[in-house]
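Student: I want to learn how to read aromatic contacts in a model. Please take me through one.

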Amino acid sequence: MKLFVQVPCLNEEETLPLVLRSIPREIPGIDSVEILVVDDGSTDRTIEVAREHGVTHFVRHARNMGLARSFRDGVDYALAHGADIVVNTDGDNQYPQARITDLVQPIVRGEADVVIADRQTSKIEHFSPFKKAMQKVGSEVVNVAAGTDLPDAASGFRAYSKAALIRLNVVTQFSYCMETIIQAGNKRLRIESLPITTNAKTRESRLFKNIWQHMFKSGTAITRSYLMFKPHIVLGGLGTIMLVAALIPFVRFLVFWFMGTAGGHVQSLIFGTAMLVGALLSFALLIIADLLRTNRVLLEESLERLKEMQYRPPTEVALFPAGDGRAREPYLLPDGHDGMPRFGAPADAVPGARPATTATGETVVPVDGETVPQR
């Protein structure tokens, strides 16, 4: 089992050595530990420092692309290089990398798909009372949207299994933390929490300028993800409220009409009509959203199959003997280590070749009996 520890960095030459030195190299149940540095447009010596400490895996952005894109590109690289588990930490050394051993154990034992560290924000000294309260409120909102019970939804110190990463899709540009929890919860992935104690603060956050910006962007990401999975609750609830608000003035107008004094209450009809139109629009949007939701589920299933083919280990690629005359079509292999069937590669596939990905950008094709890399 291969573990990739990815470290997103933006000008972290001072703190990166502390992170790299504290990452455990031997973990029970893990055959190899690889370190991946995701450089999100650094202008200092972050890459040079990483190389000096023995890092050989890098994903580099020419300019700052944000935490969500860094996470997504790092995961793509790790899976393309055979990762079975991916741990995400941070280059500012706020997380205790020594706890990576504990973080991955539920996945190693097959008890969880995602493990998220609980920073115990109420005990963090440099957090203001307001920030502590907002962290708690934010986690509660995410738990309602995801159907989970996590004490620290904003924590970026977490471990994902390969199966979980194949099922998750990051579409936001701000932070993947909230979005992946909501997706994982609604896709019935097993999520566990691990209490940790964070390290001393080394710098201010570069993810947001102030807590208000963080709250706004996090709220936007939560709302988008919630609408993606449960549009009936938002649009159905809004439509029902408007429908009730429309019936009340209509009933009021009818009462006055039977009493013969309806002439001065036309405003009830106007308000009721406006609410009725709003209710009809909400229900119409609900129908459209439900159809889009069905389409999204079908697209995600297709994307999962593509990812499984893209990130399949070379040992699961089987070939027909050369020149045996059989059709060059994918065929069913014996059950894999997890008991699931695997589809083999076409007969002209190359053993050990990987499909081109955004991380590797390279595939290998046969030319006159030789393998030639194509970019």
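This is a predicted model: local features need pLDDT of at least 70, side-chain atom pairs count only at pLDDT 80 or more; totals for chains, interfaces and linings use all residues.

Tutor: Residues are numbered from 1 along each chain as its sequence is written, and side-chain values use heavy atoms, with hydrogens and water left out.

Student: What describes a pair of aromatic rings?

Tutor: The distance of the centres and the angle of the planes describe it. Rings of Phe, Tyr and Trp (its six-membered ring) pair if their centres lie within 6.5 Å; planes under 30 degrees apart are stacked, over 60 edge-to-face, the rest tilted.

Student: How many aromatic pairs are there by this rule?

Tutor: Four. One of them, F4 with Y77, is edge-to-face: 6.5 Å centre to centre, 70° between the planes. F4 lies in strand β1 (residues 2-9) and Y77 in helix α3 (residues 67-80), so the pair ties together parts 73 residues apart in sequence. Helices (H or I, at least four residues) and strands (E, at least two) are DSSP runs, numbered from the N terminus.

Student: Are F4 and Y77 buried or exposed?

Tutor: Both are buried, meaning under 20% relative accessible area (1.4 Å probe, protein chains only).

Student: Why is the pair of F71 and Y160 tilted?

Tutor: Its planes are at 55°, with the centres 5.5 Å apart, so the pair is tilted. F71 is in helix α3 and Y160 in strand β6 (residues 158-161), 89 residues apart. Both F71 and Y160 are buried. With Y176 they form one aromatic cluster.

Note on methods:
Buried means under 20% relative accessible area, exposed over 50%, partly exposed in between (1.4 Å probe, protein chains only).
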